[in-house]
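The stops below are given in the order in which to select them.

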Amino acid sequence: MSEKTLMFAEERGIPADSPLAGSLAVVSLRSWVILALALTSVGFHLYLVFSGLIPALVTRPVHLILALPWIFLIAPANNRFERWSGPVFVALGLFCAGYIVWNHATLTRQYGSLFTPVQFFVAIGLILVVLEMARRAIKWVLPLVALMVLLYGYFGEYIPGHFGHSGLPDAYFFGTLIITEGGLWSSLTGISAETIAPFIILGALISAGTAGTGFMSLATQIAGRLRAGAAKIAVVSSALYGSISGVAAANTASTGMVTIPAMIRLGYPRTLAGATEAVASTGGQIMPPLMGAGIFVMAELLRIPYVEIMVAATLPALLFFATAWVAIHQYAIRYDLKGLRRDELPGWLFVSRTVPFFLAPFLILVYVLAFTSYTAPYAAFYAAAVMFLLLAIDSTGAFRLRRWAARIWSASEDAAAQVANIAAIIICASLIVGVFNMTGLGIKITALILSASGDSLWVALILTGFAALVLGMELPTTAAYLICVSVAGPALVELGLPELYAHLFVFWYALLCTITPPVCGNVFIAAGIARAPWFATALRSMSVGLGLFIVPMAFVANPSLLQLADAPALAILALVKILAGLTLISAGVVGTLKGWPLRIAALAAGFGVIFALGI
């Protein structure tokens with residue numbers, strides 16, 4: 001992997017598809033309109049970091065308004081219905097959300113009850129817009145679940161027995177969902193607008209510049225010479241990218257464009273090359289300091305500081321990548337995979353020129369989050385401001401105004417589109433949570449889980465993990481986690497599991513859906529880059545990532561793993577213990593040991609090490 005390869009991003013100059021690739025005079029009006037929408041969205045969400053107290057019935061509907069054109073007009077339409085209905089939904093959404101913003105002071109004094117026909121129209125209109133937004137953003141499953149929950153809230157009084165409810169007046173039911181913070185404009189939507197959005201903007205700025213070259217060169221220099229060096233570069237680079245991105249699909253696409261062809265060139269099976277990148281990239285959603293959008297939702301649900309979750313998740317995150325590393329090493333032994341030649345490394349001089357572009361935002365995030373009293377959005381804003389300036393130069397210090405403008409243009413559009421997708425997911429999920437809170441449905445499902453598990457924590461954990469995986473097959477990690485933890489989290493807590501453990505347990509299994517067939521987003525991306533059959537790549541991903549499905553059970557059996565802040569020695573001991581067990585399991589599964597008796601013995605010993613005598 002030469003220096004020339006590592007500098008691919010810089011050598012491109014301005015991307016061919018950038019609006020600034022040609023003369024500014026020939027840029028279409030549509031491109032300028034999209035840029036204006038992107039800058040408005042980015043500017044608004046960064047403004048919220050410093051804006052102070054703005055009513056939720058203003059900021060959160062505006063968050064929805066800014067997402068509308070990206071979902072309904074700019075995203076490609078899949079059929080004739082989407083083409084002609086897009087402007088209709090945008091107009092309906094603008095009117096309904098605009099009505100909320102314009103009349104927020106009056107609506108606040110109505111205490112969650114609708115009074116006029118116009119308000120009922122606004123309520124129904126907003127619900128339809130939000131359901132269709134979610135359908136276009138992430139297909140049918142989430143809006144269908146939301147629709148069923150809404151129907152339960154409206155007609156549940158006619159259901160006999162335990163699962164019925166006493167009935168909700170129409171004015172109160174729709175009013176709570178639309179003009180209070182108990183539905184569409186819940187604290188979860190606030191997290192999307194005020195916390196997740198600034199981090200998405202930061203990630204887009206990082207992806208648009210030289211930071212990718214920096215972390216890729218560092219990963220190559222660290223791991224390239226080791227056995228299966230190209231695969232281990234994928235693990236290290238995905239960990240580094242994930243630490244400042246938290247988006248699994250973007251991780252796979254960006255680092256995979258370099259690592260997967262390099263592995264194939266060195267003789268790796270195409271399915272193994274794709275599987276390695278798919279598994280490694282999945283861990284970005286749990287890798288501090290940024291982690292994924294779901295972690296910010298978790299902090300809101302648990303009402304604890306984000307930093308506390310970040311510290312607790314640090315060792316499990318390291319264990320995630322260590323597990324992938326161990327599995328890849330087993331494959332290296334099996335296939336006799338060599339490392340890179342010394343002349344293929346970039347060299348420490350090149351690393352020293354490029355890695356500051358990655359380290360600058362990373363260190364700012366760590367410092368602000370860990371050593372100041374500023375909140376996470378402030379950390380994202382400061383890191384984004386630095387990245388905005390760093391986009392102007394490359395590793396040689398060269399400044400080109402046109403390239404800087406192109407990078408800002410590209411980053412703004414990427415950020416606005418990602419913010420819109422997250423908004424579509426979170427706002428729709430807020431409908432579900434709102435109905436749960438009004439009807440007590442979550443408590444009833446919790447009772448059902450407790451009954452099905454026979455009051456056994458381990459049975460409940462298995463049922464919950466399976467449910468999170470099934471939900472995650474059709475939903476993004478954040479949505480799958482949110483729904484599953486709303487119904488299963490209380491049951492786990494009632495059975496004695498601490499709340500933080502329950503939430504991290506559910507989140508972990510929800511994120512593994514990206515490598516779990518039949519719907520496995522990371523695998524599809526990686527298999528496409530590798531030009532390998534997706535199903536064979538998915539099966540290989542399950543083999544490489546098998547230990548990852550055991551880790552959540554392992555930190556329940558060894559609770560010290562999440563107690564780095566309070567008992568660091570025990571936490572590290574738990575890490576070593578679990579990793580030793582996972583190494584034995586990996587050796588048994590991959591088949592580097594001779595004969596089935598040894599492989600079975602390794603599997604049994606691995607499970608014994610992990611689950612016997614918990615720490």
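Start with Pro289, whose place is in the loop between helix H14 (270-282) and helix H15 (293-302). The model is a predicted one. As a rule, most peptide bonds are trans, and most residues other than glycine have a negative phi.

Next, select Asp336, in the loop between H16 and H17. The phi of Asp336 is near 55°, a positive value in a residue other than glycine.

From Asp336, go 28 residues along the chain to Ile364; the two C-alpha atoms are separated by 41 Å. Ile364 sits in helix H17. What is Ile364 in contact with, leaving aside its neighbours within four places in sequence? The partners are Ala379, Tyr382, Ala383 and Val386.

Now colour two whole helices, H17 (residues 348-371) and H18 (residues 376-390). Their axes lie 9 Å apart, and the helices pack at an angle of about 160°. Angles over 145 degrees count as roughly antiparallel, so H17 is roughly antiparallel to H18. The crossing of H17 with H18 is right-handed. To see the contact, show side chains on both helices:

- On H17, select Phe357, Ala360, Pro361, Ile364, Leu365, Val368 and Leu369.
- On H18, select Ala376, Ala379, Ala380, Tyr382, Ala383, Val386, Met387 and Leu390.

By class, the residues of this contact between H17 and H18 are 15 nonpolar, no polar and no charged.

Move to helix H12 (residues 229-243), which packs with H16 at an angle of about 170°, the axes being 9 Å apart. H12 is therefore roughly antiparallel to H16. Select Ala231, Lys232, Val235, Val236, Ser238 and Ala239 on H12, then Phe321, Ala324, Trp325, Ile328 and His329 on H16; these residues make the contact. The contact of H12 with H16 has 8 nonpolar, 2 polar and 1 charged residues.

The largest cavity holds about 70 Å³ of space. To outline the cavity, select Thr323, Ala327, Ser543, Val544, Leu546, Gly547, Leu582, Ile585, Ser586, Val589 and Val590, which line it. At least two residues of the lining are supplied by each of helix H16 (306-335), helix H25 (534-544) and helix H27 (568-590). Which helix gives the largest share of the lining? H27 does, with 5 residues. Colouring the lining by class shows 7 nonpolar, 4 polar and no charged residues.

For the last stop, select helix H4 (residues 56-74) and helix H19 (residues 401-439). The axes of H4 and H19 come within 8 Å and cross at roughly 110°. Angles of 65 to 115 degrees count as roughly perpendicular, and H4 and H19 are therefore roughly perpendicular to each other. Is the crossing of H4 and H19 left-handed or right-handed? The crossing is left-handed.

- H4 contributes His63, Leu64, Ala67, Trp70 and Ile71 to the contact.
- H19 contributes Glu413, Ala416, Ala417, Val419, Ala420, Asn421, Ala423, Ala424 and Ile427.

Sorted by class, the contact of H4 with H19 has 11 nonpolar, 2 polar and 1 charged residues.

Notes. Residues are numbered from 1 along each chain as its sequence is written. This is a predicted model: local features need pLDDT of at least 70, side-chain atom pairs count only at pLDDT 80 or more; totals for chains, interfaces and linings use all residues. Side-chain values use heavy atoms; hydrogens and water are left out. On a 1 Å grid over the protein atoms alone, a cavity is a set of points where a 1.4 Å probe fits but cannot get out, and a pocket is an open set with protein on both sides within 12 Å along at least five of seven lines; lining residues have an atom within 4 Å of a point. Grid points are joined across faces, edges and corners, and a volume is the space filled by probe spheres set on the points. Helices (H or I, at least four residues) and strands (E, at least two) are DSSP runs, numbered from the N terminus. Ala, Val, Leu, Ile, Met, Phe, Trp, Tyr, Cys and Pro count as nonpolar, Asp, Glu, Lys and Arg as charged, and the others, Gly among them, as polar. Axes are lines fitted to C-alpha atoms, for helices over the stretch in contact, and angles run from 0 to 180 degrees between N-to-C directions. Angles under 35 degrees count as roughly parallel, over 145 as roughly antiparallel, 65 to 115 as roughly perpendicular and the rest as oblique. A crossing is left-handed if the near helix is turned anticlockwise from the far one by less than a right angle, and right-handed if clockwise. Contact means heavy atoms within 4.5 Å.
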